[in-house]
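Hello,

Here is the structure for your files. Please open it alongside this message.

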Amino acid sequence: MSTAADTRLLADVGGTNARFAWQAGPNAPLEHIQTLRCADFDSIEAAMRHYLDGAGRGTPRRCAMGIANPVFGDWVQMTNHHWGFSIAGVQAALGLEQFVVINDFTALALAIPLLKPHELRQVGGQAPVPGKAIGLLGAGTGLGMGGLVPCGNRWAPLEGEGGHIGLAPTNGLEADILAHLRSRFGRVSVERVLSGPGLSDLYEAMVAVRGEPRKVPTPSAAQIVEAALARVDPLCEAVLSTFCGWLGSVAGDLALMLGARGGIYIGGGIVPRLGHWLDLSDFRERFDDKGRLSAFVRPMPVYVIGAEVSPALLGVAQALD
């Protein structure tokens, strides 16, 4: 229930960064948008207090948070960061009337209908079919997946942990890479490759299976992407090309599972930085390559989200309305 002073703290929390914004009320513009490094704070409560102190707006009535983690019950323990907290405990400590916590890709899914055309770049496919399911994925510190399905005049978000489904190879190189990763980790999920840490693991696997000279320390995801885009390191180019191909296969699988004729949307911290590298890779070819069902997925559009402000902040506000 909203009031004349329905102030809100909005948060989008990943394994690396926590993004915050202030909202004066329902549908009000986002203000005082700030990104904090999770590693700089001992707890989510400390990060929230730091943001609120800097914003100088006092205590909000309500807070909505999207977090890179499953949310079941009161206790939230992050998968890719050490923060763990009680939802009721943080609500009481900060004096909030309401504190809603949802998965970050549920929040991003809720933002999709709010995105403007200039915030999207289409990679293949045709026009979306109105009122049909929408799929969403994005690589960052982990790999998130979600979606929207029509529910009357509204959209219902799908909550899940698709980033932890099993990784499947489609060629000999990928089979060798998967075997190497299995020797290190046992079960290998798609997140083991399609994420920031996954890019570094993919680099190490590529070195091993191709017999390449190894760099010490292993380049970070940002360094791999930078070197590949600048075309100054053939190995980094091969790693990024393999990443894009595997991403295409996984995105196409998601399209198959959801029947996503409304489109597949890609967010996260990595893919929007690739620009037209994604177009020049075999991403779309791998997306479409679904055997007897290729004709089913080929018309489905893929959109890369390029919003300047974290769309999940807009999406998570919908959880309060």
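Below are some notes on one helix and on the cysteines.

This is a predicted model: local features need pLDDT of at least 70, side-chain atom pairs count only at pLDDT 80 or more, and totals for chains, interfaces and linings use all residues. Residues are numbered from 1 along each chain as its sequence is written, and side-chain values use heavy atoms, with hydrogens and water left out.

Helix α4 runs over residues 172-185. Helices are DSSP runs of H or I, at least four residues, numbered from the N terminus. α4 has 14 residues and reaches 20 Å from first C-alpha to last, close to the 20 Å expected at 1.5 Å a residue. That expected span is 1.5 Å times one less than the number of residues.

Glu174, Ile177, Leu178 and Leu181 are the buried residues of α4 (buried: under 20% relative accessible area; exposed: over 50%; partly exposed: in between; 1.4 Å probe, protein chains only). They cover an arc of only 100° around the axis, so they sit on the same side of α4. The arc is that of the directions from the helix axis to the C-beta atoms. The buried residues pack against α5 (196-210), α7 (234-258) and α9 (283-288), with contact meaning heavy atoms within 4.5 Å. Arg182 and Ser183, on the other side of α4, are exposed.

Now the ends. Asn171 caps the N-terminal end, with a side-chain oxygen 3.2 Å from the backbone nitrogen of Leu173. Gly186 follows α4 and has a positive phi, near 80°.

On cysteines: there are zero disulfides (cysteine sulfur pairs within 2.5 Å). The sulfur of Cys236 is 13 Å from the closest cysteine sulfur, in Cys244, too far for a bond. Cys236 is buried, at 2% relative accessibility. Cys151 is partly exposed, at 48%.

Best wishes

Notes:
Helices (H or I, at least four residues) and strands (E, at least two) are DSSP runs, numbered from the N terminus. A polar contact is a pair of N or O atoms within 3.5 Å; within protein, one must be able to donate a hydrogen and the other to accept it, and residues adjacent in sequence count only if both atoms are side-chain atoms.
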